[in-house]
Amino acid sequence: MRNLSVFTLVVLLAVASAVPIAAVAELPLATDAKLVKRGKVLWLQCAACHDLAAAQTSDENEDIPKKIGPNLAGVIGRRAGTLKGYSYSEALGKSRLVWGSSTLDQWIEKPAVLVPGTSMVFIGVPREEDRRAIIAYLESVTR
Ligand code: HEC
């Protein structure tokens with residue numbers, strides 16, 4: 001990820017956006033292999049700030065530069081702002097949100113609208129099908 005240029009990222013995202021996705025699938029999203037695959041590519045925009053694996057990430061390995069956002073391993077079902085050792089914004093800490101497909105969808109659409117005052121400075125993922133793909137990927141790796 002570190003060696004990925006912004007250009008490569010933009011190209012990857014463009015390619016991912018061009019891939020047509022299947023019609024609305026039933027929950028859980030993670031059983032839709034195509035959606036998960038697409039979400040894995042779209043995840044790259046999150047990976048700039050978030051680790052996802054439980055081990056061998058910037059939290060565990062000094063050789064990997066520490067990322068700005070909290071590790072998202074096991075994030076589904078987790079209460080917002082509760083990963084030990086990460087310094088959250090007061091706003092997210094007090095939000096009382098629990099991360100599931102609906103809260104995640106609103107969050108990645110516009111984090112600052114769901115939680116005004118959050119320190120996740122991210123413009124958001126405008127396309128619903130892109131958000132669904134990212135959430136499907138998250139579900140597939142965190143279960
Ligand atoms: C520019 C860096 C950045 C990007 C890009 C980014 N995030 Fe974040 N994210 C953060 C920061 C910083 C926080 C902590 C927010 C706070 O404390 O208010 C956060 C928090 C979160 C949380 C809450 C975690 C918890 O433990 O409560 C989730 C879920 C999340 N991000 C998902 C995503 C997803 C999915 C994407 C990609 C679509 C993404 N983020 C892109 C920086 C980023």
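Where does Asn71 lie? Hold that thought for a moment, everyone, and thanks for coming. What we have on the screen is a predicted model, and I'd like to walk you through it piece by piece.

So, back to Asn71: this residue sits in the loop between α3 and α4. If you leave out residues up to four places away in sequence, Asn71 touches His50, Asp51, Thr57, Asp59 and Leu83. Please also look at Asn71 together with Cys49: the two are 22 residues apart in sequence, and their C-alpha atoms are 8.9 Å apart in space.

Cys49 brings me to the ligand. There are 27 residues around the ligand, and Cys49 is among those that come nearest, along with Cys46, Gly69, Ser89 and Leu92. Which helices each supply at least two residues of that shell? They are α3, residues 44-47, α4, residues 90-93, and α5, residues 101-109.

Let me step back to the whole protein. The protein has 143 residues, and 25% of them count as buried. Now for contacts: taking those with a separation of 6 or more, 49% are between residues 24 or more positions apart.

Next, helix α2, which covers residues 33-42. Its buried residues are Leu35, Val36, Arg38, Gly39 and Leu42. Seen down the axis of α2, these buried residues fall within an arc of 165°, so they line one face of the helix.

And how does α2 meet α7, the helix of residues 128-142? Their axes come within 7 Å and cross at roughly 100°, and the two helices are therefore roughly perpendicular to each other. On the α2 side, the contact is made by Leu35, Val36, Arg38, Gly39, Lys40 and Leu42. On the α7 side, you'll find Asp130, Arg132, Ala133, Ile134, Ala136, Tyr137 and Ser140. By class, this contact has seven nonpolar, two polar and four charged residues.

The buried residues of α5 are Leu104, Trp107 and Ile108. Down the axis of α5 they fall within an arc of 85°, so they too line one face of their helix. What covers them includes α6, residues 111-114, and α7.

Last stop: a pair of arginines in loops. Arg78 lies in the loop between α3 and α4, and counts as partly exposed because it has 17 C-beta neighbours inside 10 Å. The C-alpha atom of Arg78 is separated by 8.7 Å from that of Leu97, 19 residues away along the chain. Arg96 is found in the loop between α4 and α5. With 8 C-beta neighbours inside 10 Å, Arg96 counts as exposed. If you like checking backbone torsions, have a look at Arg96: phi is near 60°, a positive value in a residue other than glycine.

That's my tour. Happy to take questions!

Technical notes. Residues are numbered from 1 along each chain as its sequence is written. This is a predicted model: local features need pLDDT of at least 70, side-chain atom pairs count only at pLDDT 80 or more; totals for chains, interfaces and linings use all residues. A residue is near a molecule or strand if its C-beta atom, placed from the backbone, lies within 6 Å of it. Helices (H or I, at least four residues) and strands (E, at least two) are DSSP runs, numbered from the N terminus. Two residues are in contact if their C-beta atoms, placed from the backbone, lie within 7 Å. A residue is buried if 20 or more other C-beta atoms lie within 10 Å of its own, exposed if 12 or fewer, and partly exposed in between; C-beta atoms are placed from the backbone. The arc is that of the directions from the helix axis to the C-beta atoms. Axes are lines fitted to C-alpha atoms, for helices over the stretch in contact, and angles run from 0 to 180 degrees between N-to-C directions. Angles under 35 degrees count as roughly parallel, over 145 as roughly antiparallel, 65 to 115 as roughly perpendicular and the rest as oblique. Ala, Val, Leu, Ile, Met, Phe, Trp, Tyr, Cys and Pro count as nonpolar, Asp, Glu, Lys and Arg as charged, and the others, Gly among them, as polar.
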